[in-house]
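Please look through the sequence and the structure shown here, and then read the report that follows alongside them.

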Amino acid sequence: MPLRPDGSPARLLVVDDEESLADLLVEALSFQGYEVAAARSGTEALASVDSSRPDLIILDVNMPGLDGFGVADRLRATGDQVPIIFLTARTAPDDLREGFGSGGDDYLMKPFRLEELSLRVSAVLRRSLGSTPSAAKADDTVSVADLIMDLSAHQVSRGGKTIDLSPTEFRLLRYLAANAGRVVSKQELLKQVWGYDFDTESSLAETYVFYLRRKLDKLGPRLIHTVRGVGYMLRPPQGQP
């Protein structure tokens with residue numbers, strides 16, 4: 001089980017208006033050693049984040065009043081980048097992409113297996129609570145065509161225009177850029193970007209690539225290309241170095 005830097009158990013916040021499910025998740029995750037709190041509404045969740053500062057939020061989307069996406073939007077608007085795993089019964093691609101637009105790190109479709117949730121919680125926490133990599137040099141940049149990534153400042157621009165990316169989007173783009181010109185499989189992305197070293201049917205990579213591609217394509221020709229049945233490749237447009 002991932003621990004906080006001071007050696008204490010990671011703090012989780014479970015947010016779901018379905019009391020029986022919330023109680024089940026609190027019990028199961030507490031049994032694994034996590035410190036788990038619960039909230040029954042979006043408003044209660046925001047108050048709990050302020051008071052307990054969780055390391056990860058497991059957040060139901062379909063709640064009355066302030067729903068899960070609304071909670072995530074408000075947190076991100078204040079600069080709070082706490083990792084979020086959405087729980088959702090929605091299956092439409094646009095609904096899932098809305099979640100990533102709100103800054104979600106992952107999602108699970110209801111109904112789900114507790115084992116699957118546990119594996120994803122552990123993977124997200126290993127990434128977010130893991131040792132901080134050595135600081136990048138001030139001039140440490142990665143560029144592909146007119147796309148420039150400033151690794152030390154965590155800033156991205158294309159054609160001189162800044163692109164606002166979430167931490168997960170930044171990691172995804174950084175990995176694709178570091179492997180520019182090479183096809184990267186979906187499983188490789190799940191392992192290297194999300195830390196998932198287990199088999200999963202998640203469409204996480206596809207959904208995140210879609211959202212990242214949409215941001216990049218607003219400012220120029222397509223950079224991230226799909227190689228059907230294999231994965232994705234980031235490369236300059238034809239005729240550009």
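Among the elements of the protein chain in this predicted model, β1 has the highest mean pLDDT, 97, whereas helix α4 (residues 93-101) has the lowest, 60. For the protein chain the mean pLDDT is 86, and 88% of its residues reach 70 or more. Over residues 131-138 pLDDT stays under 50, and for this stretch the model has four contacts beyond four places in sequence.

| Part of the model | pLDDT |
|---|---|
| β1 | mean 97 |
| Helix α4 (residues 93-101) | mean 60 |
| Protein chain | mean 86 |
| Residues 131-138 | under 50 |

Helix α2, which covers residues 42-52, has Gly42, Ala45, Leu46, Ser48 and Val49 among its residues, and these five are buried. Seen down the axis of α2, the buried residues fall within an arc of 165 degrees, and therefore they line one face of the helix. An α-helix has 3.6 residues a turn, so residues three or four places apart point the same way. The buried residues of α2 pack against the strands β1 (11-15), β2 (35-39) and β3 (56-60), and also against α3 (68-77), while Thr43, Asp50 and Ser51, on the other side of α2, are exposed.

After α2 comes arginine 53, which has a positive phi, near 50 degrees. Arg53 is also one of the residues in contact with aspartate 80, together with Val49 and Leu75, once the neighbours of aspartate 80 within four places in sequence are left aside. Aspartate 80 itself is placed in the loop between α3 and β4 (84-88), and it counts as buried because its relative accessibility is 12%, which is under the 20% cut-off.

Notes. Residues numbered from 1 in each chain as written. Predicted model: local features only at pLDDT ≥ 70, side-chain atom pairs only at ≥ 80, totals over all residues. Heavy atoms only, no water. Buried < 20%, exposed > 50% of the residue type's maximum accessible area, 1.4 Å probe, protein only. Helix = DSSP H or I, 4+ residues; strand = E, 2+ residues; numbered from the N terminus. Arc of directions from axis to C-beta. Contact = heavy atoms within 4.5 Å. pLDDT = per-residue confidence, 0-100.
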